[in-house]
Amino acid sequence: MSKKNELIQSVKGTRDLLPADTPLWQRVEDEARKVFEAYNYREIRTPVLEQTALFARSVGSDTDIVTKEMYTFDDRDSGSLTLRPEATASVVRAYIEHSLYNEPGIQKLYYFGPMFRRERPQKGRYRQFYQIGAEVLGGDHPAIDAEVLEMLALLLERLGLKEFKLLVNSVGCSKCRPEYLKVLRKSLDEVKSRLCEDCQRRSNTNPLRVLDCKIEADQPIIEGLPKIIDHLCPECRQHFDAVTMELKQRGVEFEVVPRLVRGLDYYTRTTFEITSGLLGAQNAVLGGGRYDGLSEMLGGPPAPGIGFAIGQDRLVLTVEAASSLKPAQPLAAYIAWMGEATREAATMLARELRRERIGTEISYHPIKLRKAMGAASKLQVRYAIIIGEQEVESGNYQVKDMGTGEQQSVSAGEIAGFLKEKLREPAPAASPVAGQQ
Ligand code: ATP
Ligand code: MG
């Protein structure tokens, strides 16, 4: 219990995104929405709370997420609940629960939202973090995989990012992976004693995860282990070759990384990751892959799927590091009124401009001209509108362009139209505004 009057701070690994941060988050979300919708994805929103069994069964009871990282508690009447550590399982659950498989064609769904994992917090790694993700359910054609990756490349391009790498691999299917695991286990038995402690444990519990080890000293040994890509069954091999061929046709650059496996049990065939050199240690911006058996694992009909999750926190860091997005549009107008007799006219103008979607601020008290100009430049508005008693009488208000200093008289009824016209032009270069997208 905290003492009375003691400062209460945010929970370790969580953070507040302040108004200085959120414009970039919104821009990233807007761009993602536009790109996804151009590819015919539709938004789905699932709860943050799910039955613990959902993740144990899909993500896998042997994974780091399920064994160490989940926020799980016993609810008074609903049994064991968990704050979702990822959303693919939830989306597939909803797909089954609402029989979306009965709708015609393939389902393409996207989501935004917070995820929770009890990890060691550091730059780019938080306990509450945000993902932007998408899932395609009901098809396993290699063109779907290639289209997903093409879409991701477009999104990063639209965000102005150039320094990223798309890594792809295939982790096989329920037919060929067990065969590969036998071969891998055999090789691991020979080298296990020279690997790190985690890898020794993984060799027994989840040998595929050894390939994912980041410990420097283990790398040469891991390089020498058999590669899953050399042990694919003919169907998986053909699928993978078709995906890479299509990526080339679509002009999507990629690199095949035979060691790339993902930390969740449900993945099959195509797996991928995009990394950015701008991020440092936590360099994975997004990860994803195919999961053809997941629907059945969750009690649904056969419904092959593929999806990805972008770490939005890391994506925003990357966009920031690349300074690739222009600053957002600032506020358009500030209304300054001088004397009680002008209050009503000013209030009504503010109401009108806001209804016309022109971003407007107004002083709540009557204000002196000099102070008003100071307030307008602090707000970095493009126009200040000055209303004194004389203006109210004549019905013409003073509109001052804060960039050029030019001032003109515009009739009250025409101000909204005048500003709309003006705001279509980019702001002059000298102002802090770099223009609209
Ligand atoms: P990592 O190897 O970085 O732990 P992961 O394999 O656990 O990533 P996924 O479960 O595939 O990650 O999630 C997809 C993306 O979500 C990651 O590529 C990353 O950008 C982001 N992500 C995962 N965990 C966190 C976290 N704790 N904080 C911030 N972002 C995260
Ligand atoms: Mg992780």
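Reader: Which element gives the largest share of the shell around ligand 1?
Author: E10, with four residues. Note that the model is predicted.

Reader: What makes a residue part of that shell?
Author: One of its heavy atoms must lie within 4 Å of the ligand. Around ligand 1 there are 15 such residues. Arg117, Glu119, Tyr126, Arg262 and Ala284 come nearest.

Reader: How do you know that Ala284 makes a polar contact with ligand 1?
Author: The cut-off is 3.5 Å between N or O atoms. A polar backbone atom of Ala284 is 2.8 Å from an oxygen atom of the ligand. That is within the cut-off, so the pair counts.

Reader: What makes the Gln131 pair a polar contact?
Author: An N or O atom in the Gln131 side chain is 3.1 Å from a ligand 1 oxygen. The limit is 3.5 Å, so this pair counts too.

Reader: And what of Arg314?
Author: Here a polar side-chain atom lies 3.0 Å from an oxygen atom of ligand 1. With the limit at 3.5 Å, the contact therefore holds.

Reader: How much of ligand 1 does the protein cover?
Author: On its own, the ligand has 580 Å² of accessible area. The protein covers 87% of that.

Reader: Which elements give two or more residues to the shell?
Author: Strands E6 (128-137), E10 (284-290) and E11 (305-311).

Reader: How does the shell divide by class?
Author: Six residues are nonpolar, four polar and five charged.

Reader: Now the second largest pocket. What makes a residue part of its lining?
Author: An atom within 4 Å of a pocket point. By that rule, 28 residues line this pocket. Ser174, Arg177, Asp265, Tyr267 and Thr268 lie nearest its centre. The volume is about 540 Å³.

Reader: Which element supplies the largest share of that lining?
Author: H6, with four residues. Helix H6 (177-191), strand E9 (268-276) and helix H10 (294-297) each supply at least two. By class, the lining has 13 nonpolar, six polar and nine charged residues.

Reader: Which domains does the assignment give, and how far apart are their centres?
Author: Domain 1 is 3-176 + 232-322, and domain 2 is 333-436. Their C-alpha centres lie 45 Å apart.

Conventions:
Residues are numbered from 1 along each chain as its sequence is written. Chains are lettered from A and ligands numbered from 1 in the order in which they are written. This is a predicted model: local features need pLDDT of at least 70, side-chain atom pairs count only at pLDDT 80 or more; totals for chains, interfaces and linings use all residues. Side-chain values use heavy atoms; hydrogens and water are left out. A polar contact is a pair of N or O atoms within 3.5 Å; within protein, one must be able to donate a hydrogen and the other to accept it, and residues adjacent in sequence count only if both atoms are side-chain atoms. Accessible areas come from the Shrake-Rupley method with a 1.4 Å probe; for residues, only the protein chains shown count as cover. Ala, Val, Leu, Ile, Met, Phe, Trp, Tyr, Cys and Pro count as nonpolar, Asp, Glu, Lys and Arg as charged, and the others, Gly among them, as polar. On a 1 Å grid over the protein atoms alone, a cavity is a set of points where a 1.4 Å probe fits but cannot get out, and a pocket is an open set with protein on both sides within 12 Å along at least five of seven lines; lining residues have an atom within 4 Å of a point. Grid points are joined across faces, edges and corners, and a volume is the space filled by probe spheres set on the points. Domain bounds come from an automatic or database domain assignment.
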